[in-house]
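Here is a short briefing on one protein model. Look over the sequence and the structure first, then read the points below.

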Amino acid sequence: MAGLRAVDDPARVHAVVVGVERYPRHSGWDLPGAVDDALRFHRWLRKGGVPEANVQLLLAPGEDSRVRLDALAGELTWRQTWTRDQVMDAFTEGLDGRTGDLLYIFWGSHGVLGQGDRRLLLCPDASPKDKRCVDTANLMEYLQRDDLTGFGQQVLLFDACATFLEHHNQSTGPAVAGFPTVRRRRVEQFALCAAAPGQVAENDPALRSGVFSNAVLDWLETNAADLRPDPAALVAHVRAETPEVQTPVSIEVRALDGSREQLLWPGRAPLPPSTDRSRLALALHDALGDADLRARCVEHLVAQCPGAGLGACPSDERIAHALLTVERAMAALVEVVHTRNRQAADQLLALGRTHGVPGLLSPLEHRSLRESFGRVPQLPPTARVIAAVRAAQPLGKAWLPPPTTEETDGSSVDRLMACVEHFEQLTGGQSVAHPGRQLVPAVVRFTELLAALVPALRRELHEWADRVARRLGVDDGGLAERRAEALAWPDSLGPAACRPRVLAQLDAAPLDSADGGDERYTCVMWVDAGAGDLVQAAEQSIEPLSSRGVVRRIKRTVKLLRAETEETPVVEILLQPDAVQLPVDAWNGADDGDALPYLLGVEWATALRCAPLADAEREEQRQEGLKNRRAGWHNDTVVFLDDGHAKGYTGYGALMADVRAARAVVRAGPDGRDRLVQAALRLGYPVVLWDRQAPAQVPDAHFDALRPERAVDGLPWRIRDYRAQACMNPAAHPVCPAALLESADRPLPPVLSLTGLSDPAARSDSPEANPR
């Protein structure tokens, strides 16, 4: 279908919308978000003018969704649907007597792949032993029936897995109900499926939405208000939005004549069409073609998995049988293969996931983790660890069993390893909440949280996670995000605490002829010991200071706070919006007799903060922008601004175009640099990075050493380390970086008059001025 013809009258559009969120016969299959996706599709239809009576909304809601649906009574018409027959009736009887130009089918549920690569959609009354389902191909054939008036154009959107039945390790096959046999007529059909054969369609628990559905609906709401989507553009958008969150995601387009176009992401091989042992043996034959590699793999498997009984020279079929049945055998094999052939390792990992091979970790990884736990003299009680991880909620509350009475009696390596093994089994837990990242396994996410809770284990657990991530082919940026989140996560085993900070609120003072032309700055100092409460520092400036004087006061305040907290604080410089170009991070605070200078941006991790805008309305808009873009704080979407963006409204458009971007990097030269920095600041970008002294537009790789796409929380430290290296070898480090970092969880002080310190009540020797 090259494109849809115009629909002049929305009343000529009909739809059947299915959202199966609850499976009453097997609660483990419940799919939170399926109802939300169905309702969102319904809203798109209604906003386009489709009458309510034209939409059959079939929902199997969970308890939370049911409450929200009851609140919408009178605003929409929906049908509670708990059986396969009720779903099928919507097509066999529900379409009778209806006529129109365009028919939409939107379906969100679980799914599997049957014989002959038939896509099967599990109905609400399905269970592991009775997989009641319908066949998408059979449904599409039935919708071409010649006694159905009109509906010459049909768009079908299926958000369901296409995993092999063997993946579920269940003995019973599907119970497929067929639609009646009909005489067919020519109908244009466009079908879009969330997953290719053997693959999983991911569900995003944070958004309560299927990753595929969210991408489709985002595009429809933005680009198809006329209810006539461009199929090619929709496909391109879904390809761009879901290449890595799903594992991997493919989509399939079918035409009436039976032809298929299967679209796979670049660099990803399709999974094999069957899961029998011979196909795995064939993959092994290709992967282990090198005699030396094969010998090393067999030797490693024999040593790590003696229960496999492989012997000295096993056949490919014997190895395949061991990989499918022996716990951790596949992981042990990949442990050797990935160091020599990354592509072969990826193929084996994909096959392992498809077949549901037992054990995500290798025996060596599992054993080394246990040994690490055993080396810690005093682990926190397991019940408290579980409670803390639940509070963090990156893995979902239901994924950890409730603490038992035994767990409250103390810590146990065995019980921690039980948690590890629990997370190993959660294949779906390998998803991440933020789009655009490679998968990070749930077990690695758990150990990262544990590393944040137990400083004595941190280094070992980080090194362990690095090794596991490399073997599994996890994206470095994805692991860095999870690690940053864990380290930034408040310590749930004690009082909430963050890194202490010193905040200096600065503004340029008017020049006085007595100053001899030297610029002076008003300065108010604040400190935060880590609890999030800002109080004025004991030492304050009455008169405007030189840049050196400002650094000296920061130095003394840092020293006092470090003595109190035993941790080096972050230095935050709060500047007026029109003063963000002040090179405060390069100021030298050395005393004349000091042997070494105190360069502010080298001695301490330093970040700029922006004081509120003078225009209250613009400041409110900026704060709203900061709030919205903070949602993308941990994704790596960066807006790069060059000289071309300094012309007209180009920069404004680039900054507004991607609502997910939370960071801007300005590469422009001096003529447009200031304006672009100010634009990013006023539009509410939490992170803005630029070069203060670049004489012209900088090359694409200019900021690579600072890794602006990596974890935001570490940016001040990366910049500090870079500046230290620049002092050592300036020629090799040409960047003069400045970074504005707006962190919503680190509040600003009340807005003060920076010249108000001359009031006697505010003098440093006044008791009220020294709350610390």
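Is the crossing of helix 1 and helix 5 left-handed or right-handed? The crossing is left-handed. Keep in mind that this is a predicted model.

**Helix 1 and helix 5**
- Two packed helices are described by the angle between their axes and the distance between the axes.
- Helix 1 covers residues 34–47, and helix 5 covers residues 211–223.
- Their axes come within 11 Å and cross at roughly 15 degrees.
- Angles under 35 degrees count as roughly parallel, so helix 1 and helix 5 are roughly parallel to each other.
- Helix 1 makes the contact with D37, R40, F41 and W44.
- Helix 5 brings S213, N214, L217, D218, L220 and E221 to the contact.
- By class, this contact of helix 1 with helix 5 has four nonpolar, two polar and four charged residues.

**D159**
- D159 sits in strand 8, which spans residues 150–159.
- Buried means under 20% relative accessible area; D159 has 8%, so D159 is buried.
- W107 is 52 residues from D159 along the chain, yet their C-alpha atoms are separated by 6.1 Å.
- Leaving out residues up to four places away in sequence, D159 touches several residues, including D37, W107, F212 and S213.

**Cysteines**
- A disulfide is a covalent bond between the sulfur atoms of two cysteines.
- A search of the whole structure finds zero disulfides.
- C161 has 17% relative accessibility, so C161 counts as buried.
- C736 has a relative accessible area of 26% and is partly exposed.

Note on methods: Residues numbered from 1 in each chain as written. Predicted model: local features only at pLDDT ≥ 70, side-chain atom pairs only at ≥ 80, totals over all residues. Heavy atoms only, no water. Axes fitted to C-alpha atoms, helices over the stretch in contact; angles between N-to-C directions. Helix = DSSP H or I, 4+ residues; strand = E, 2+ residues; numbered from the N terminus. Parallel < 35°, antiparallel > 145°, perpendicular 65-115°, else oblique. Left-handed = near helix turned anticlockwise from the far one by under 90°. Contact = heavy atoms within 4.5 Å. Nonpolar A, V, L, I, M, F, W, Y, C, P; charged D, E, K, R; others polar. Disulfide = S-S within 2.5 Å. Buried < 20%, exposed > 50% of the residue type's maximum accessible area, 1.4 Å probe, protein only.
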